[in-house]
Amino acid sequence: MRLVLQEFLSLDGVAQGPGAPDEDTSDGFTRGGWLVPHLDEEFVRIITGWLEEADAFLFGRRTYVNFARDWPEMNDPGDPVAVKLNGLPKYVASHTLTEAEATWNPTTVLSGDVVAQVAEVKRLPGRELHIHGSARLGASLLAAGLVDEVRLMVAPVVVGTGRRLFPDGGEPAGLRLLSSETTPGGVSAQVYEVTGAAQFGSYGPEERG
């Protein structure tokens, strides 16, 4: 399977708590719900389209626990997002979680060498393995060279604090823009192919002509 990293981000790169004030209050975060004012039908259409190729999901422990609490309650058979998240295989990378949440199966816990285990999951038959949320896990797997594609929904808001997808000190990575579109609510939907190492250069008088 191809590994796809899908994230909701603010303009300043915050990935924490996009959906509700109480979604993720870890580390004292109090500014959750920043994505909600920008949701519209076009946003839902794009997200639903991205989900069509998913055959499994991968989460970090924190995101998994939050999703396992909320998504089993969203069981509308007419909601394609809920059908996918609740029905497809799920993997959770954690050194502290010993067993999956009984209400949100099928789930497999990956512990120990998570990078090696994710590489094994990628070898399983299927189309795409999606990381939703789980910013720290996503960034670490991008640095390990396992992420094939990055899909971002960037909201027109500066949150100012909170956990970021790409914190200072992370490993550089090269990306190639595959598509970009903007919803009526101002959210920028960006799809990138991961191309390997980041490229660097210089810009001097000879380049300016």
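The legends below describe close-up views of a predicted model.

**View 1. A salt bridge between D27 and R136.** Side chains of opposite charge can pair when their charged atoms come close. A search of the whole structure finds 16 salt bridges, and one of them joins D27 to R136, with the closest N and O atoms 3.9 Å apart. D27 lies in the loop between β1 (2-10) and α1 (41-51), while R136 belongs to helix α5 (residues 135-143), so this pair ties together parts that are 109 residues apart in sequence. D27 counts as exposed because its relative accessibility is 69%, a value over the 50% cut-off. R136 is exposed as well, with a relative accessible area of 52%.

**View 2. A salt bridge between D148 and K122.** In this view the side chains of D148 and K122 meet in a salt bridge, at 3.0 Å from N to O. The pair links distant parts of the chain, since D148 sits in the loop between α5 and β6 (149-155) and K122 in helix α4 (residues 114-122), 26 residues apart. D148 is partly exposed, with a relative accessible area of 26%, whereas K122, at 16% relative accessibility, counts as buried.

**View 3. A network of salt bridges that includes R151 and E149.** The side chains of R151 and E149 form a salt bridge at 2.7 Å, N to O, and both of these residues are buried. Their pairing can be viewed together with R2 and E128, as R2, E128, E149 and R151 are linked in a network of salt bridges.

**View 4. The aromatic pair F8 and F43.** A pair of aromatic rings is described by the distance of the centres and the angle of the planes. The whole structure holds 8 aromatic pairs, and in the one shown here the rings of F8 and F43 have centres 5.5 Å apart and planes at 55°, so the pair is tilted. F8 in strand β1 and F43 in helix α1 are 35 residues apart, and their pair thus links distant parts of the chain. F8 is partly exposed, with a relative accessible area of 25%, but F43 is buried, with a value of 7%.

**View 5. The largest pocket and its lining.** The largest pocket holds about 1,300 Å³ of space. Of the 49 residues that line this pocket, the closest to its centre are E23, T63, F67, H132 and G133. The elements giving two or more residues to the lining are β1, α1, α2 (61-70), α3 (80-87), α4 and α5, and α2 gives the most, with 7 residues. By class, the lining divides into 23 nonpolar, 15 polar and 11 charged residues.

**View 6. The second largest pocket and its lining.** About 220 Å³ of space lies in the second largest pocket. Its lining is made of 13 residues, of which A139, L165, F166, P167 and G170 are the closest to the centre. Sorted by class, this lining has 8 nonpolar, 1 polar and 4 charged residues.

Definitions and conventions:
Residues are numbered from 1 along each chain as its sequence is written. This is a predicted model: local features need pLDDT of at least 70, side-chain atom pairs count only at pLDDT 80 or more; totals for chains, interfaces and linings use all residues. Side-chain values use heavy atoms; hydrogens and water are left out. A salt bridge is a side-chain nitrogen of Lys or Arg within 4 Å of a carboxyl oxygen of Asp or Glu. Helices (H or I, at least four residues) and strands (E, at least two) are DSSP runs, numbered from the N terminus. Buried means under 20% relative accessible area, exposed over 50%, partly exposed in between (1.4 Å probe, protein chains only). Rings of Phe, Tyr and Trp (its six-membered ring) pair if their centres lie within 6.5 Å; planes under 30 degrees apart count as stacked, over 60 as edge-to-face and the rest as tilted. On a 1 Å grid over the protein atoms alone, a cavity is a set of points where a 1.4 Å probe fits but cannot get out, and a pocket is an open set with protein on both sides within 12 Å along at least five of seven lines; lining residues have an atom within 4 Å of a point. Grid points are joined across faces, edges and corners, and a volume is the space filled by probe spheres set on the points. Ala, Val, Leu, Ile, Met, Phe, Trp, Tyr, Cys and Pro count as nonpolar, Asp, Glu, Lys and Arg as charged, and the others, Gly among them, as polar.
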